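Morning, everyone. Please look at the model on the screen while I talk about charged side chains.

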Amino acid sequence: MAFSLAPGLLLPLLVGLLNFASSTHDYQDALSKAILFFEGQRSGFLPQDQRITWRSNSGLSDGWMYNADLTGGYYDAGDNVKFGFPMAFTTTMLAWSVIEFGDSMPPNELRNSLVAIRWATDYLLKAVSQLPNRIFVQVGDPNIDHDCWERPEDMDTARTVYAVDAPNPASDVAGESAAALAASSIAFRSSDPGYSDTLLRNAINAFQFADSYRGAYSDNSNIKYGACPYYCDFDGYQDELLWGAAWLRRATQQDAYLDYIRSNGQTLGADENINEFGWDNKHAGLNVLVSKEVIEGNMYSLQSYRASADSFMCTLVPESSASHIEYSPGGLIYRPGGSNLQHTTSIAFLSLVYANSLARTSQAINCGSIYVSPTRLRQQAKRQVDYILGDNPMGLSYMVGYSNYYPQRIHHRGSSLPSIKDHPQFIACKEGSIYFNSTDPNPNVLFGAVVGGPGEDDVYEDDRIDYKKSEPTTYINAPLVGALAYFVANPNPS
């Protein structure tokens, strides 16, 4: 498809090229929309207070082939599959956002954030309900699903359930599920202590399964071709074991998990791939999380994690002597592969979390020839968030529904097809192709959806077919919730 702009985008493009770093943003509006997005991703029976009203019930028989209730949870992106691995990571990041920045959220948005977390944790509790013998890791055959373009409400594709039975391994999914449930138990501790206890109890069970039967879930032949190449753990399962243990340490304060992190760090490769963070690779997030114990708790036996976290932060500073993360000409953190804004939002979030720890103890980072202050980390994070919201060469908000200029043709089935409320007739698998191939804007606005983002040249073609750029995901939005919450309270960080 040739480069095209949604109606009215030419003028902001020209303005953006002249001066794309001077605007101010309504962070509270962006936060509200970033949380609202998750309601558009819901699977299952939707509640009466559902605010994305063009969505309706879907996946109501999920789990039937195992005689289990696996309804609920989230579709991870623009398709209709429930992948447990990225869903659990999304949940961890939403919970961490509340733990770290919930005090900065307006009360109604804190409440909405907890609702978004609970929609995921209620599902994850079902996924781990048959432990210690079985964990459910996925619902829906992605190869069949991706061959269709149909609304989740119309799904007539196989809702295949993928499960891992002991002693087969699923350390990545189980470890991330343990992290998600443990982090969420902290998020709910004050508002719903009973639910918090349930989450923590199941987190412990999930971690025991992950650690007892070590290996990736895609090592199982019945899983591999259902998960790969979509959400295989390409980076190994070891980081999820440490990540799960770190969150259980934070949730329980038990020394057993501290000992696990300390004694297994080198064995499980805690010092490898330290400059990555996302649904596949937890190392940078792990190091930031564990460093809190070093910086604020003087736990010097974990100093190697602090050193790795410092090293990661130094890669974000262009004038440091460290090897640097790549930036686009317009200043966006860029990593090859697709859905680039997942890196932008997660790194911005980590920078703010680390800055908070440093600021509480009046510390800075030694990056060779320079010292990097908490203020510098916060300003760098702000630059990334502002880029997403419109301070970029395109003059375009990459969050749908924020400002007047945003992507109109996102790669998302429900958004691009007529709502079942406007078009109640069934739209079969291949009948949706006409909408997929259309150059018309999507009929349903998925408020708050953040797309994959522009290329390394800062250029974004508003093209539904180019899923690497135009598809939103839950794991792009989840860390952005925390970053936006910080800037609601601190729009001009110092």
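First, a definition: buried means under 20% relative accessible area, exposed means over 50%, and partly exposed lies in between, with a 1.4 Å probe and protein chains only. This is a predicted model, where local features need pLDDT of at least 70, side-chain atom pairs count only at pLDDT 80 or more, and totals for chains, interfaces and linings use all residues. Residues are numbered from 1 along each chain as its sequence is written, and side-chain values use heavy atoms, with hydrogens and water left out.

Next term. A salt bridge is a side-chain nitrogen of Lys or Arg within 4 Å of a carboxyl oxygen of Asp or Glu. That rule gives 27 salt bridges.

Pair one: R51 and E39, at 2.9 Å from N to O. E39 sits in helix α2, and R51 in the loop between α2 (27-40) and β1 (82-83). Helices (H or I, at least four residues) and strands (E, at least two) are DSSP runs, numbered from the N terminus. Buried or exposed: which is E39? Buried, at 9%. R51 is partly exposed, at 37%.

Pair two: R262 and D259. Their closest N and O atoms are 2.8 Å apart. Both lie in helix α10 (residues 255-264), three residues apart, about one turn. D259 is partly exposed at 38%, and R262 is partly exposed at 34%.

Shared partners join E100, K292, E296 and R360 into one salt-bridge network.
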